[in-house]
Amino acid sequence: MLEPQKTLDTYYLEARRDLLEVAALLDRYDRSVEKQGQKAEDESRLNSLLEAMSLLSGGDHPKANRTEQLLNHFAKVS
Amino acid sequence: MQIIQPHYHAIARTAQDYERMAMSGVVAVCEPAFWAGFDRRYPETFIDYFAQISEFEPTRAAEFGIRHYCWVAVNPKEAENTELTQEVLRHMPEFLEKPTCLGVGETGLHKSTQNEIDSLQAHVEIAMKHDQLVLIHTPHLSDKAHGTKTVLEVLAGMDVNPDKIWIDHVEEQTIESVLDAGYWAGMTLYPVTKCSPRRSVDILEKYSTERLLVNSSADWGPSDPFTLQESIVEFRRRGHSLQEAVEIYHNNPCRFLGQNPKWDIKPITIREE
């Protein structure tokens, strides 16, 4: 297993890229809503993503099981 | 679909790239001079490098039916060596005369030091003096916004024709200022560190595409020349027409690069019988 600093240094840029993709998706959705003048009929997938980010940013995760938590969270959305 | 790769470092790639690019519709690549991964010590090394990209690479590309053009410059990372920069600049006009050389680039900023700024100014001055196009590199990651702002400030203090200047590697936080100032803007699509194919299409949908160029990434680091094709597929997937794609991925490079008469590839209009 990599040391803590090495872990961050190794994976930071890839995580940065992935977060930018999520941000771009949310912007894309907002622009589409603005252009079409209406929201998606079912926004559950949008809400699921927003809740997932909230889960990631909130509190301590002593079991280091964020991935498992997210998978369980996403399982609620079809 | 015919595609132009406006920013491609062939010297760092294998012939397999050319073969696959040809199979995917690439008809021309443009190779700006760039950093070799280490700081070169001698002006002669640059001169050989310029000869390689202006004389040898066109022959390698031609084997696959691809046109190869180049740009010459001292890249920003090596601008700290002011003596070397001055000496290379002295030799640059002879390469600007080469039949496939399109202009001065990629110059620009990396850490935005005074030496880099001086080098950028000297490159732009040479370009304007010889009526050349200019390709300007902007910094990566956290230095990008500041570096792009500095590039724009440097150019604002010079007598330049914005039509002939392409500021490269723009992303969401820098594109507006570049387009507002009247320059051409290029997006460079990397697997990790710069813009992505999907984000490039978001940008194409958000802004006027009149002065936008899309590049893949093709160098000696983690890069992928087919991010350009990924962008095209994403663009088409979102319902944009083939002609709209041709305008961006073929005709826009033709319009910018065609300001140099050496570039003789013309914009295409698709006509149905």
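1. Chain B of this predicted model holds nine helices and eight strands. Its radius of gyration is 17 Å, close to the 19 Å that the globule rule gives for 273 residues, so chain B is as compact as a globular protein of that length. Taken along the principal axes, its C-alpha trace spans about 60 × 40 × 35 Å, and 58% of the 273 residues of chain B count as buried.

2. Chain A is built from three helices and zero strands, and its elements follow one another along the sequence as α-α-α. The radius of gyration of chain A is 16 Å, well over the 12 Å that the globule rule gives for 78 residues, so this chain is more spread out than a compact globule. A box of roughly 50 × 25 × 20 Å along the principal axes is filled by the C-alpha atoms of chain A.

3. Helix H9 of chain B, residues 242-257, deserves a careful look. At 1.5 Å a residue its 16 residues should span 22 Å, and its end C-alpha atoms are 22 Å apart, which agrees.

4. The segment after H9 of chain B contains Gly258(B). With a relative accessible area of 35%, Gly258(B) is partly exposed, because the value falls between the cut-offs of 20% and 50%. Although Gly258(B) and Leu102(B) are 156 residues apart in sequence, their C-alpha atoms are 9.1 Å apart in space.

5. A cis peptide bond, with omega about -5°, joins Gly105(B) and Glu106(B), and a colleague checking the backbone may wish to find it in the structure. Glu106(B) belongs to strand S4 of chain B, which covers residues 101-108.

6. Two residues other than glycine have a positive phi and can be taken in turn. In chain A, Ala64(A) has a phi of about 50°, and its place is in the loop between helix H2 (44-57) and helix H3 (66-74). Ala64(A) is exposed, with a relative accessible area of 65%. In chain B, His169(B) has a phi near 65°, and this residue lies in the loop between strand S6 (165-167) and helix H6 (175-180). At 3% relative accessibility, which is under the 20% cut-off, His169(B) counts as buried.

Conventions: Residues are numbered from 1 along each chain as its sequence is written. Chains are lettered from A and ligands numbered from 1 in the order in which they are written. This is a predicted model: local features need pLDDT of at least 70, side-chain atom pairs count only at pLDDT 80 or more; totals for chains, interfaces and linings use all residues. Side-chain values use heavy atoms; hydrogens and water are left out. Helices (H or I, at least four residues) and strands (E, at least two) are DSSP runs, numbered from the N terminus. The expected span of a helix is 1.5 Å times one less than its number of residues. The radius of gyration is taken over C-alpha atoms; the globule rule is 2.2 Å times the number of residues to the power 0.38. Buried means under 20% relative accessible area, exposed over 50%, partly exposed in between (1.4 Å probe, protein chains only).
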